[in-house]
Amino acid sequence: MTRLNTNQWLALVFAVLAAGYIAMAWQIPTFPLPRPVDSDLFPKVLGFSLLILSVFLFFEKPTPIAGADEVDEEAQHGPLLLTPWARVIVTSLAIAAYALLLVPLGFVLASTLLCVGLTAYYGYRRHGVNLATSLGVVLALYLTMTRVMDVYLPTGVLPF
């Protein structure tokens, strides 16, 4: 018997999660009024998609990554806020701050601050392009979700 590689282990974990998710999706009750798309369709599609992708991941042939065994000493001994683990921690803290500021500041302002802040932190230096792109994507999402899909998103300090 051969040993399982990392992708195969991850595929098995994802397949078990997908199976549990699909089992829970079948427990969602249907509405009494007939309609073409019911509330359980999206979770079922999502669960089966994850299951299919985990099968693909299981049978994917792993390729060696160039320099995978080498540790980048420059990244490890650079400024503390730019080390790989510091980036994970800063990103996690930024997401937690986003969750806390979402209601008081509103979706548009909090999401724009998150996008602009993290892209600037990760090294993108064209701040005007960064702000315009982030604001455009966030406004498109906000208007689509509130006007088209009729989903409530917090407005915060902006008068939308």
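Which residues in helix 4 meet which residues in helix 5? On the helix 4 side they are Ala86, Arg87, Val90, Thr91, Ala94, Ile95, Tyr98, Leu101, Leu102 and Leu105, and on the helix 5 side Phe107, Leu109, Ala110, Ser111, Leu113, Leu114, Leu118 and Tyr121. Contact here means heavy atoms within 4.5 Å. These residues split into 15 nonpolar, two polar and one charged; Ala, Val, Leu, Ile, Met, Phe, Trp, Tyr, Cys and Pro count as nonpolar, Asp, Glu, Lys and Arg as charged, and the others, Gly among them, as polar.

A word on the model: it is predicted, with local features needing pLDDT of at least 70 and side-chain atom pairs counting only at pLDDT 80 or more, while totals for chains, interfaces and linings use all residues. Residues are numbered from 1 along each chain as its sequence is written, and side-chain values use heavy atoms, leaving out hydrogens and water.

The chain is divided into domain 1 (6-63) and domain 2 (75-149), with bounds from an automatic or database domain assignment. Taken over C-alpha atoms, the two domain centres are 29 Å apart.

Helices (H or I, at least four residues) and strands (E, at least two) are DSSP runs, numbered from the N terminus. Helix 1 (residues 6-25) and helix 2 (residues 41-59) have axes that come within 8 Å and cross at roughly 160°. Axes are lines fitted to C-alpha atoms, for helices over the stretch in contact, and angles run from 0 to 180 degrees between N-to-C directions. The contact includes Leu10, Phe14 and Tyr21 of helix 1 and Leu46, Phe48 and Phe58 of helix 2. Its residues come out as 16 nonpolar, four polar and one charged.

Back to helix 4 (residues 84-105) and helix 5 (residues 107-121): their axes come within 8 Å and cross at roughly 165°, so the two are roughly antiparallel to each other. Helix 5 also packs with helix 6 (residues 127-148), at an angle of about 145° and with axes 9 Å apart. Among the residues making this contact are Phe107, Ser111 and Cys115 of helix 5 and His127, Leu131 and Tyr142 of helix 6. The tally for that contact is eleven nonpolar, six polar and no charged.

Finally, an unreviewed UniProt entry annotates residues 131-149 as "transmembrane region"; UniProt positions follow the numbering used here, feature names are shortened, and annotations may be inferred rather than shown by experiment. Over residues 131-149 the chain is 95% helix and 0% strand, with end C-alpha atoms 25 Å apart.

How values were computed:
Parallel < 35°, antiparallel > 145°, perpendicular 65-115°, else oblique.
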